Amino acid sequence: MIRGGCANGLTALQFKNRTRSRSCFLPPSSSPPPLPLLSPMRNPNPSAKRRKQSTGTTVDPPVAGRDSGKARGEVDIEDLVVFKREEIGEIRASLLEWYDQNRRDLPWRRLGSDGKEQGRGELKGDEDEDEDEERRAYGVWVSEVMLQQTRVATVIDYYNRWMKKWPSLQQLSLASLEEVNEIWAGLGYYRRARYLLEGAKKIAEGGGRFPRSVSDLRKVPGIGNYTAGAIASIAFNEAVPVVDGNVVRVLARLKAISANPKDSSTVKKFWKLAEQLVDPCRPGDFNQALMELGATICTPTSPSCSSCPVSGQCYALSMSKTNSSLMVTNYPQAVAKAKQRREFTAVCVVEILESLDISEGSRSNSLYLIVKRPEEGLLAGLWEFPSVLLEHDYSDAVARRKTIDSFLSKSFNIDTGKTCDVILRDDVGEYVHIFSHIRLKMYIEFLLIHLKGGMNLSSIAPDNGTIACKYVDNEELSSMGLTSGVRKVYSMVQTFKQNMNISSYNDLPRKSKRNHKEADYDRWWNILCTVYGHHSPVIEYLEST
C-alpha cells in the first residue's frame, strides 16, 4: 500500500518510524519559480531600509498588501504566493524536527485502538492500520469541530467525555440530539454538535466507512475545507493543506503579508502557500506542526521568535531587525471585530406546584416549564425557560411583566387568576450573556403557581403546535444539556429562593399573625415550607416574627 506520495513500498505509518533522508523534505525540481524581489532566504537589501532619495523623501521597504501597491515599488500579494524550492525543504525539515520534540500530548493525537501515540506503536498490517485510521479519523473529526472557536485546555475534558460515551462513529449515529447536547453543554456554538450528529448519521447510512479524501469529506454536513483537510491529512495521510487562524498568522509572517486575512482573495493565497509547504510524506504531522507553531510560539501579540524553528525563513522577523518601525506583530493586518448588537429579553422561570396539601417535613413535587427554541437560528433546538425578546431595554418591571403574561397566556394558557393561582412571584435579577455577535441582557423573574383543578398539564399545553414544551423536575433539569446561560438563570432562581431579601417578607404570613382562617393560614404556610424548605433562613425568620 502506497500512501501520501511516499513511493518507497512502505505504508506511511511504517515510513514515519524509519530514518528519513533530507531529500524527503525537498519538493520536485519543477516547483514554482523563486520568489521575485522578496525572499526570506536572503537578508533584505539594507538600502531598502527607509533610505533617503535625492528628493529628500523616505521610502518604506516593500511589504505585500500595504498602501497602494506596486506604484510605490511594493510587491503585490500575487507575487508573494510562492516559496522557493530550498525554502520549502528548510521549512519542512525544521518544523517537523521541532514538532517531534515539542508537540503537546493531546488525546486526539493517540491511536484509538491501543492508546499509543501515532507512529510510536508496533508496525501493523494493512487491515489493522485501516481500523486505526477509521478510529483516528473519527477522533480527529470530533476534536477539530470542538476546537473551533474554543481553547485546547477547555476541549480536552469535553473530548474525553464524548469519546467515552460514543467511542465510534457508529455509536454516535444512534444518539439523539438531546443526548449530544447534554455532553456538549457549556462548550458553546451548539450548531457544531448538531453537525457532528448529522454527519455521523449520513456516513452510517452510506455504509459506515469514513470518507478518505477531501472531496468526499466535503460532502458530509458540517465539514468544510479546513476540517476536511485536517481529517484527510492526519488520519489518511493525504498530502493536502489546512488553513486556520494559526496557520494564517505563521504564513503571513513568513512572507510579511499584511493584507486583510479575512478577505476572500487573501484567504485563497494563504491556501496556495500552505499547499506548497505541506510535506508529502508526513502531511498530517506537518499540518499539526504548523498549527502548533501558531498556537504556542507564533502567537498574535507575544511571539517567541528566539524559539521559532523557522525564524531563519521569516521575512517579517528579518525586516523588523533592519527597520525599527516594523514589528513581527504587524503581520497579518489586525481586523476590527464586528460590534456586538444589544438585545434584551424577559425570562420567566415558571414552577408548577403539584399539591398544596403537605405534611410537616415533606416536600411537594413541582415541575418547571421549559420551551424548545426554533430549529433554525441562534441556539437552534435547545431548551430554555419561557422568554420574550424585548424591543428595547425595559427598565419598567410592570411593563415587562405584562409582556411575559401575554406570552404565557397566549402560548400556554397560563392566565394568572383564571387558570392558576399565583403562590409567589418576584424579580430575581439581571444577567448579561455574551455571544460572539450578541450582548444579551436578561431580566429574570420567578413565578410559582398552582393549577386550578389539580396537576392537569394538558390544560396549559400549547394549542397551535408551533411551540414545543415539556415539564421537568429538578433532577431532570439538572441533567439536561442546557446552555450556560440557561444554567445561570436556574442557579440565580435557586439562590433567590434561599436568600430572599428581608424586605420581601412583609407580605408573607407569619406565625404571630392569625388574621386568616386557620385552614387558609396552614395552607399558605405549608406552601412556603415546600418552596423554601422547613429549615431554610426564610422559614426560620418568619417563625421568629
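Which residues of helix α8 are buried? The numbered points below answer this and then turn to other parts of the structure.

1. Helix α8. The buried residues of this helix are Arg 192, Ala 193, Arg 194, Leu 196, Leu 197, Gly 199, Ala 200 and Ile 203. The helix covers residues 191-205, which is 15 residues. From its first C-alpha to its last, α8 reaches 21 Å, close to the 21 Å expected at 1.5 Å a residue. Just after α8, Gly 207 takes a positive phi of about 120°.

2. Confidence in the model. The mean pLDDT of the protein is 78, and 69% of its residues reach 70 or more. Over residues 112-123, pLDDT stays under 50, although the model has 31 contacts beyond four places in sequence for this stretch. Residues 358-362 also have a pLDDT below 50, and the model gives this stretch seven contacts beyond near neighbours in sequence. Where pLDDT is low, the predicted coordinates should not be read in detail.

3. Thr 227. This residue is placed in helix α10, which spans residues 225-236. Its relative accessibility is 3%, and therefore Thr 227 counts as buried, the cut-off being under 20%. When neighbours within four places in sequence are left aside, Thr 227 is in contact with Trp 141, Glu 144 and Gln 148.

4. Asp 132 and Ala 235. Asp 132 lies in helix α4. With a relative accessible area of 5%, Asp 132 is buried. How far apart in space are Asp 132 and Ala 235, C-alpha to C-alpha? The two are 8.6 Å apart in space, while 103 residues separate them in sequence.

5. Arg 282. This arginine lies in the loop between α12 (264-277) and α13 (283-296). Is Arg 282 buried or exposed? Its relative accessibility is 6%, so Arg 282 counts as buried. The side chain of Arg 282 makes a polar contact with the side chain of Asp 100, at 2.7 Å. A polar contact also joins the side chain of Arg 282 to that of Asp 285, at 2.8 Å.

6. Salt bridges of Asp 285. Side chains of opposite charge can pair when their charged atoms come close. A search of the whole structure finds 20 salt bridges. In one of these, Asp 285 pairs with Arg 103, and their closest N and O atoms are 3.8 Å apart. Asp 285 lies in helix α13 and Arg 103 in the loop between α3 (85-102) and α4 (126-147), so the pair ties together parts that are 182 residues apart in sequence. Asp 285 is buried, with a relative accessible area of 4%, and Arg 103 counts as buried at 18% relative accessibility. The side chains of Asp 285 and Arg 282 also meet in a salt bridge, at 2.8 Å from N to O. Both Asp 285 and Arg 282 are buried.

7. Arg 425 and Glu 445. These residues form a salt bridge, and their closest N and O atoms are 2.9 Å apart. Which parts of the structure does the pair tie together? Arg 425 lies in strand β7 (residues 420-434) and Glu 445 in strand β8 (residues 438-451), so the pair ties together parts that are 20 residues apart in sequence. Arg 425 counts as buried at 15% relative accessibility, and Glu 445 counts as buried at 6%. Both belong to a network of salt bridges that links Arg 401, Asp 405, Arg 425, Asp 427 and Glu 445.

8. Cysteines. How many disulfides does the structure hold? The structure holds zero disulfides. Cys 314 is in no disulfide, and the nearest cysteine sulfur, that of Cys 305, is 6.3 Å away. A disulfide requires the two sulfur atoms to be within 2.5 Å. Cys 314 counts as buried at 10% relative accessibility. Cys 281 also counts as buried, at 8% relative accessibility.

How values were computed
Residues numbered from 1 in each chain as written. Predicted model: local features only at pLDDT ≥ 70, side-chain atom pairs only at ≥ 80, totals over all residues. Heavy atoms only, no water. Helix = DSSP H or I, 4+ residues; strand = E, 2+ residues; numbered from the N terminus. Buried < 20%, exposed > 50% of the residue type's maximum accessible area, 1.4 Å probe, protein only. Contact = heavy atoms within 4.5 Å. Expected span 1.5 Å × (residues − 1). Polar contact = N/O pair within 3.5 Å; in protein donor to acceptor, adjacent residues only side chain to side chain. pLDDT = per-residue confidence, 0-100. Salt bridge = Lys/Arg side-chain N within 4 Å of Asp/Glu carboxyl O.
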